[in-house]
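Here is a short briefing to read alongside the coordinates. Please keep your viewer open as you go through the points.

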Amino acid sequence: MANDRFKNKASTYDKAQRRRDNVDNIAHGIINHIQLMPTMHIMDFGSGTGLLLERLAPFVNKITAIDISPSMNEQLENKRCTLQCELEILPINIDSNKWKNHHNNQFDGIISSMTLHHIKDIQPLLNTFYATLKPNGFIALADLFTEDGSFHTKESGIYHYGFDPTEISALAARSGFINIDIQQISHVKKPQGDYPVFLLTAIKESL
């Protein structure tokens, strides 16, 4: 990877209390909205240091972590022996043909925390999620509601200042998802403002 944006922050990423609190809320939201099963194989998209997946590990059989940051993956690798499920780490772009040829209809669910705003084109991503899921598979995606751009004060690689719930729900429906629901499940309080966080849940219809 030519430019690892998290290289200088990966080692201290987990130390921010507001980040840990936000992920706690997201994990609780997923557990409350999705019936996780001990046989499930789920994907964590934008897994980072594994803050979210380590909270859900006790409820599933296997988690495949997808992140293109080597430094974040290294931090996650250091947690492997503490996780209560099988872990696979893939530093891969899931828009690649290699992914599509080998991973369609593989996962029981896809989770993600605060990653969507780093993705330029959301519709193709949701299309890939849909293809990647087994019938009746779920998505549980958490990110910011629309904000004024002040959430990230210096960071590059931001393509969206949060999301309008109606618009992102429409994108999910266009990809084929049903039972789409969005609820506020957390907020991140920073000196410059208070930023609400949503959880979007939906399922892939059975064949």
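The notes below go from the sheet to the cores, the cysteines and a few single residues.

This is a predicted model, in which local features need pLDDT of at least 70 and side-chain atom pairs count only at pLDDT 80 or more, while totals for chains, interfaces and linings use all residues. Residues are numbered from 1 along each chain as its sequence is written, and side-chain values use heavy atoms, with hydrogens and water left out.

**The sheet and the helices on it**

- Seven strands form an open sheet in the order S3-S2-S1-S4-S5-S7-S6, with mixed pairing; strands (E, at least two residues) and helices (H or I, at least four) are DSSP runs numbered from the N terminus.
- S3 and S6 stand at the edges with a single partner strand each, so one side of each has no neighbour in the sheet; two strands pair if DSSP finds at least two bridges between them.
- On average, neighbouring strands of this sheet are turned by 15 degrees against each other, direction ignored.
- S5 and S7 pair in the antiparallel sense over seven bridges, and Leu141 stands opposite Leu200 in S7.
- H1 packs on the sheet and touches strand S4 (107-113), S5, S6 and S7, with its direction at about 155 degrees to that of S6.
- Helix H5 (residues 122-132) also packs on the sheet, touching strand S1 (41-45), S4, S5, S6 and S7, and its direction makes about 145 degrees with that of S5.
- For these angles, axes are lines fitted to C-alpha atoms, for helices over the stretch in contact, and angles run from 0 to 180 degrees between N-to-C directions.

**Nonpolar cores**

- The largest nonpolar core has 36 residues, of which Ile30, Leu52, Ile111 and Phe138 touch the most other members.
- Elements giving two or more residues to this core include helix H1 (17-33), strand S5 (133-144) and strand S7 (193-204).
- Apart from it lies another core, of 26 residues, among them Ile66, Ile110, Leu116 and Ile168.
- A nonpolar core here is a set of buried Ala, Val, Leu, Ile, Met, Phe, Trp, Tyr and Cys residues joined through side-chain atoms within 4.5 Å.
- Leaving aside neighbours within four places in sequence, Ile111 is in contact (heavy atoms within 4.5 Å) with residues including Ile30, Leu52 and Phe138.
- In H3, Ser71, Met72, Asn73 and Leu76 are buried, and what covers the buried residues of H3 includes H2, S2 and S3.
- Buried means under 20% relative accessible area, exposed over 50%, and partly exposed in between (1.4 Å probe, protein chains only).

**Cysteines**

- The whole structure holds zero disulfides, a disulfide being a pair of cysteine sulfur atoms within 2.5 Å.
- The sulfur of Cys85 is 13 Å from the closest cysteine sulfur, in Cys81, which is too far for a bond.
- Cys81 counts as exposed at 72% relative accessibility, whereas Cys85 is buried at 13%.

**Two serines to look up**

- Ser169 lies in helix H6 (residues 165-175), and its side chain reaches the backbone oxygen of Pro165 at 2.7 Å.
- Not counting residues up to four places away in sequence, Ser169 touches Ile180 and Ile182.
- Ser206 sits in the segment after S7 and is partly exposed, with a relative accessible area of 39%.
- Leaving aside neighbours within four places in sequence, Ser206 is in contact with Pro135 and Asn136.
- The C-alpha atoms of Ser206 and Gly137 are separated by 8.4 Å, although the two are 69 residues apart along the chain.

Conventions
A polar contact is a pair of N or O atoms within 3.5 Å; within protein, one must be able to donate a hydrogen and the other to accept it, and residues adjacent in sequence count only if both atoms are side-chain atoms.
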